[in-house]
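Biologist: I have a structure here that I would like to understand step by step, and I would be glad if we could go through it slowly with questions and answers.

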2 protein chains.
Amino acid sequence: MPEELHRGRPPSIRDVARLAGVSHQTVSRVLNHHPSIRPETKQRVLDVMAELQYKPNRAARALVTSRSHTIGILSASSTWYGPASSIAAIEEAARAAGYWVSTANIESSDARSIADGLAHLAAQGIEGLVVIAPQVRVFDTLAQLSIDVPYVTLQSTGRAPGHALSVDQIAGARMATRHLIDLGHRSIYHLAGPQDWIEAEARMLGFLEEMSARDVPTTAPILGDWTADFGYYAGRELLTVRDFTAIFSSNDQMALGLMHAIRDAGLEIPRDVSIIGFDDIPEAAHFWPPLTTVRQDFAELGRRCVALLLGDLDPAAPDYRGTITPELVVRGTTGAPLF
Amino acid sequence: MPEELHRGRPPSIRDVARLAGVSHQTVSRVLNHHPSIRPETKQRVLDVMAELQYKPNRAARALVTSRSHTIGILSASSTWYGPASSIAAIEEAARAAGYWVSTANIESSDARSIADGLAHLAAQGIEGLVVIAPQVRVFDTLAQLSIDVPYVTLQSTGRAPGHALSVDQIAGARMATRHLIDLGHRSIYHLAGPQDWIEAEARMLGFLEEMSARDVPTTAPILGDWTADFGYYAGRELLTVRDFTAIFSSNDQMALGLMHAIRDAGLEIPRDVSIIGFDDIPEAAHFWPPLTTVRQDFAELGRRCVALLLGDLDPAAPDYRGTITPELVVRGTTGAPLF
DNA sequence: ACGACGGATGTGACCGTGCACATGCCGTGA
DNA sequence: TCACGGCATGTGCACGGTCACATCCGTCGT
């Protein structure tokens with residue numbers, strides 16, 4: 001029968017040490033897998049730990065080591081499938097590597113709420129930062145608050161070398177555009193995402209590159225806000241002119257809104273207008289018609305994100321670097337133009 | 001010119017104290033808004049803090065107070081709109097109340113991954129837990145791991161009184177069912193969510209209650225998995241029988257899959273079959289036809305969730321209790337049956 | 001046979017903050 | 001005039017780990 005335990009406070013290594021008949025330092029060594037512990041001693045300590053339901057105190061450890069083992073995520077629009085999938089994958093990968101994840105969501109992307117979010121994460125002593133938000137402003141704010149942690153952004157245009165994940169958004173956008181051109185389209189609009197999102201920029205760049213590489217005359221992209229609602233209103237506007245046969249939307253939600261507007265106008269997809277999206281959200285296959293789009297592996301993105309970050313933190317971490325290639329998924333919304 | 005500072009370690013209250021010519025305890029009092037500090041002294045301390053860019057060390061504070069100020073979220077399927085919206089709102093509300101949020105996402109809902117997730121959160125010393133997952137198993141696991149923190153679940157059927165949020169899912173489901181019955185439907189199927197989700201259970205309950213209240217013969221609900229894919233396959237199965245005129249789907253994604261299957265079969269919505277969903281995801285208004293559904297305020301849900309939790313933690317926290325009533329949104333997928 | 005060496009373990013300080021208690025000062029009432 | 005109480009502030013310790021260093025003991029080489 002073990003001697004009486006203090007009620008109130010959870011057991012500490014000293015409690016474990018006392019019951020196991022060793023010093024607190026030996027208990028610490030067991031916790032940290034120190035090599036020179038006799039197996040017999042180790043087992044005794046482990047037994048007592050189990051008996052006491054001992055759990056290491058994270059705060060105490062963080063205090064003395066100055067390491068929080070926490071990764072912060074700054075995210076705008078975490079309610080959408082893409083970001084949400086990446087966040088889930090980040091969390092999973094981080095947890096597997098022994099890290100915690102703390103999130104700060106920002107609603108609007110004004111400087112103030114970005115600063116609030118970053119300050120919140122910084123106050124926690126995060127060791128790494130993942131940015132899923134309008135990035136230009138975030139970096140400015142990061143500098144202003146003199147927060148100095150390794151960071152990773154989810155997308156790349158080569159703007160932040162070494163910090164960005166090499167998912168080839170540009171290649172994906174070129175694939176989408178090429179698909180439309182190959183079908184015979186020559187009047188193609190691009191419905192882009194918000195200006196300060198790197199994803200939006202990369203996809204727009206890919207679109208423009210492919211168009212000019214194929215000598216197709218280009219119109220200025222329309223800047224949207226990622227929502228289906230915006231796609232719908234943009235579609236209504238565009239249809240007052242009707243000088244196009246295809247639209248490449250920068251994400252699937254806006255594509256859905258476009259389709260809605262086109263059908264409202266009495267036109268048929270893809271006979272009158274072809275639509276292609278980006279992301280391949282799980283619902284896209286069930287749109288009417290099923291949406292042709294470019295698939296991105298958001299989960300893989302998240303995993304590599306963490307690997308990149310941990311590469312800076314723990315040199316021993318596995319290296320997931322390399323390019324993730326998106327994939328064209330042809331469904332029912334694209335076809336040859338009529339004339 | 002301030003005296004030389006230690007490089008390497010960030011400034012502590014003692015550094016601030018020395019430069020301000022006070023004791024570390026006075027600095028601590030300023031930090032904690034202790035009433036009896038002379039305004040003049042307080043200002044001097046604040047000035048030094050700003051000059052040094054002093055940031056309180058969370059680990060040290062947590063160690064001595066035994067409080068982590070962290071709320072944990074255990075979430076399955078955080079990639080979907082509903083949960084993701086609630087999570088974002090929880091994070092925002094928690095942050096506003098001075099709490100941090102840490103998430104653990106579980107992919108599969110087997111006992112092992114639930115236990116992993118909970119252990120991960122527990123190791124962090126969370127003070128409260130929000131559960132967005134199959135709840136029955138979570139509570140069992142919680143007990144097994146002898147984790148004892150206040151918790152809140154996002155939905156209620158009165159199963160966990162005092163811990164659940166009173167969003168009236170049952171009322172919402174009854175509204176949806178009533179709408180179909182009022183239109184004249186008498187052969188109505190219900191496509192439910194997974195069995196161990198309380199949301200699914202509540203909506204199913206509401207469906208059954210309303211059906212029996214109106215003396216409409218009821219068929220056994222079909223248990224789905226929330227996905228559009230499942231909705232599609234379930235729809236294909238159902239259409240081999242075709243003994244119904246309307247389907248109430250427990251969420252919008254499955255409704256989308258149903259609509260896809262129905263159109264594939266050459267039927268028209270709502271002429272041949274009426275469909276009603278649940279949630280009102282932002283895309284629902286742009287489905288074809290636009291989906292009739294029941295709107296839930298996920299963000300409000302998240303906010304109240306935190307309030308409920310903080311009510312246990314800080315008696316001074318605002319009280320958001322009360323019932324959130326869902327709202328029927330009639331769009332284009334419901335109409336009177338043909339015959 | 002004896003000292004050097006290394007494995008196994010113990011001792012004490014320290015990380016940054018908050019708490020309990022002590023101290024000095026000033027105003028006030030008997 | 002002095003004891004008392006409350007305000008403003010200081011002193012030292014505790015929280016639960018880890019780190020640097022000390023100690024003990026057995027083995028091995030010469």
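Biologist: To begin with strand S2 of chain B, how many of its residues are buried?

Modeller: Please keep in mind that this is a predicted model. Strand S2 of chain B covers residues 100–106, and a residue counts as buried when its relative accessible area is under 20%. By that cut-off the strand is mostly covered, and the number of its 7 residues that are buried is 7.

Biologist: Which residues of S2(B) point the opposite way from B:Val101, B:Thr103 and B:Asn105?

Modeller: In a regular strand the side chains alternate between the two faces of the sheet. In S2(B), B:Val101, B:Thr103 and B:Asn105 point one way, and the residues on both sides are buried. Those that point the other way are B:Trp100, B:Ser102, B:Ala104 and B:Ile106.

Biologist: Which residue of S2(B) stands opposite B:Gly72?

Modeller: Strands of a sheet pair through backbone hydrogen bonds, either parallel or antiparallel. Strand S1 of chain B, residues 70–76, pairs with S2(B) in the parallel sense over 7 bridges. The residue of S2(B) that stands opposite B:Gly72 is B:Ser102.

Biologist: Chain B also has an open sheet of 4 strands, so which strands stand at its edges?

Modeller: The order of the strands in this sheet is S6-S5-S7-S8 of chain B, and the pairing is parallel. A strand at an edge has a single partner strand, so one side of that strand is left without a neighbour in the sheet. The two edge strands of chain B are S6 (222–223) and S8 (274–276).

Biologist: What angle does the direction of helix H8 of chain B make with that of S7(B)?

Modeller: Helix H8 of chain B, residues 169–182, packs on the sheet and touches S5, S7 and S8 of chain B. The angle that its direction makes with that of S7(B) is about 170°.

Biologist: Which residues of the largest nonpolar core touch the most other members?

Modeller: In soluble globular proteins, nonpolar side chains tend to be buried together. The largest nonpolar core has 90 residues. Leaving aside its neighbours within four places in sequence, A:Ile275 is in contact with residues including A:Ile247, A:Leu258, A:Met259 and A:Leu291. The core residues that touch the most other members are A:Leu74, A:Leu129, A:Ile275, B:Leu74, B:Leu129 and B:Ile275.

Biologist: Between the two chains, which three residues of chain A supply more of its buried area than any other three?

Modeller: In the interface, 52 residues of chain A are in contact with 52 residues of chain B. The area buried between the chains is about 4,500 Å², of which carbon and sulfur atoms give 52%. The three residues in question supply 16% of the area that chain A buries against chain B, and they are A:Arg95, A:His286 and A:Trp288.

Biologist: What value does phi take in B:His33?

Modeller: B:His33 is found in the loop between helix H2 (24–31) and helix H3 (39–52) of chain B. With a relative accessible area of 63%, B:His33 is exposed. Its phi is positive although B:His33 is a residue other than glycine, and the value is near 55°.

Methods
Residues numbered from 1 in each chain as written. Chains lettered and ligands numbered in written order. Predicted model: local features only at pLDDT ≥ 70, side-chain atom pairs only at ≥ 80, totals over all residues. Heavy atoms only, no water. Core = buried A, V, L, I, M, F, W, Y, C linked by side-chain atoms within 4.5 Å. Buried < 20%, exposed > 50% of the residue type's maximum accessible area, 1.4 Å probe, protein only. Contact = heavy atoms within 4.5 Å. Pairing = 2+ DSSP bridges. Axes fitted to C-alpha atoms, helices over the stretch in contact; angles between N-to-C directions. Buried area = accessible area lost by both parts, 1.4 Å probe.
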